[in-house]
Amino acid sequence: MAFGRRALIRADVPVIITLPKGTEGLGREGVAERLGDMTVTLFTEPSNKQNSERWTTEEIKLREFFENDKYLTDPGTWNRIVSNFRNSPADVNAILGFDAGKLFDYRGPMNAANLWISHQGVFTQSHFDELENFNICLEGRKRFVLAPPGFWEYYPRSLKRGFGDKSQVFDFDDVDWARHPKVAAKLAQRRELVLEPGQMLYLPLGWWHQAESLDEMNINMNFWLRDAKIFRRPYVLGVALYTAVFRKLKGVYNYEPAVTGS
């Protein structure tokens with residue numbers, strides 16, 4: 001599988017892989033029982049795909065997100081939780097139902113094993129990652145829109161505000177072509193997919209993407225892995241370095257490993 005991972009990274013093309021049967025993991029109830037006392041980060045933002053402001057964050061217990069209806073019923077906000085629990089490999093393996101360390105070797109510096117949970121409608125605006133991304137769907141479905149690497153064609157947002165990895169075209173489904181004509185050539189190559197339970201999306205670093213949660217409860221695990229490919233995309237490297245400094249100086253959530261309660 002290590003060879004398979006490296007081959008995917010070399011190919012540098014998004015692909016969906018159906019995981020073997022028997023790797024379904026714990027499910028929602030199992031996740032709540034095993035990791036309910038884990039401190040996670042709650043992201044909150046207005047339920048507006050064109051929102052130009054940064055989300056706010058606070059720390060809560062994972063169990064609270066499952067049990068408190070306010071995170072689901074508030075019509076004016078989108079709420080999602082994330083936790084990088086790469087330092088708890090037994091929990092990672094239990095959640096997934098297989099040995100993730102053998103597949104992803106995710107415990108090195110800068111790498112991450114993130115648990116993401118969101119409700120229907122939660123939208124992630126267009127952006128790129130500076131790390132190789134392997135996203136596994138455990139419950140619910142997510143719709144992704146992907147577009148190939150590039151920088152100025154996507155009208156990047158302000159570097160000074162730490163938004164250099166995000167586009168002024170917030171939603172690739174709703175483009176103001178008069179304001180953003182250069183993105184047309186890139187979006188002509190767009191790929192659209194729905195990631196379903198038991199599937200994994202490989203998304204290369206530097207590929208632009210957005211995601212939308214389609215079901216009442218959506219649970220995903222993703223692994224971010226550093227790779228030397230970043231040196232072939234200097235804009236990704238430059239933005240990544242600047243963003244890391246910005247997040248540290250401004251106290252913005254930076255996906256540092258969490259401490260679990262198990």
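Guide: We can take a helix, then some charged pairs, then the backbone.

Visitor: What should I know before starting?
Guide: This is a predicted model, in which local features need pLDDT of at least 70, side-chain atom pairs count only at pLDDT 80 or more, and totals for chains, interfaces and linings use all residues. Residues are numbered from 1 along each chain as its sequence is written, and side-chain values use heavy atoms, with hydrogens and water left out.

Visitor: OK, helix α2. Which of its residues are buried?
Guide: Gly30, Val31, Ala32 and Leu35, in a helix that covers residues 27–35. Buried means under 20% relative accessible area, exposed over 50%, and partly exposed in between, with a 1.4 Å probe and protein chains only. Helices (H or I, at least four residues) and strands (E, at least two) are DSSP runs, numbered from the N terminus.

Visitor: What do the buried residues of α2 pack against?
Guide: Against α3 (62–67), α5 (89–96) and β5 (112–118). Contact here means heavy atoms within 4.5 Å.

Visitor: How do α2 and α5 cross, at what angle?
Guide: Their axes come within 10 Å and cross at roughly 165°. That makes α2 roughly antiparallel to α5. Axes are lines fitted to C-alpha atoms, for helices over the stretch in contact, and angles run from 0 to 180 degrees between N-to-C directions. Under 35 degrees counts as roughly parallel, over 145 as roughly antiparallel, 65 to 115 as roughly perpendicular, and the rest as oblique.

Visitor: And which residues make the contact?
Guide: Val31, Arg34 and Leu35 of α2, with Ala90, Asp91, Ala94 and Ile95 of α5.

Visitor: New topic. How many salt bridges are there?
Guide: The count comes to 16, where a salt bridge is a side-chain nitrogen of Lys or Arg within 4 Å of a carboxyl oxygen of Asp or Glu.

Visitor: Which residue does Glu139 pair with?
Guide: Arg28, with the closest N and O atoms 2.5 Å apart. Glu139 sits in strand β7 (residues 132–139) and Arg28 in helix α2, so the pair links distant parts of the chain, 111 residues apart. Glu139 is buried at a relative accessible area of 19%, while Arg28 is partly exposed at 25%.

Visitor: What about Lys229?
Guide: Lys229 forms a salt bridge with Glu132, the closest N and O atoms being 3.1 Å apart. Lys229 is in the loop between β12 (218–225) and α8 (234–250), Glu132 is in strand β7, and the two are 97 residues apart.

Visitor: Are those two buried or exposed?
Guide: Lys229 counts as buried at 2% relative accessibility, and Glu132 counts as buried at 0%.

Visitor: Where does the pair of Arg143 and Asp173 sit?
Guide: Arg143 lies in strand β8 (residues 142–147) and Asp173 in the loop between β8 and α7 (183–187), so the pair ties together parts that are 30 residues apart in sequence. Arg143 is buried at 17%, and Asp173 is partly exposed at 39%. Elsewhere, salt bridges that share partners join Asp12, Glu132, Lys229 and Arg233 into one network.

Visitor: Back to Asp12. What is its phi?
Guide: Asp12 has a positive phi of about 65° although it is not a glycine. Asp12 lies in the loop between α1 (2–11) and β1 (15–18) and is buried at 15% relative accessibility.

Visitor: And Met110?
Guide: Met110 has a positive phi of about 75°, and is not a glycine either. Met110 is in the loop between α6 (100–104) and β5, and is exposed at 57%.
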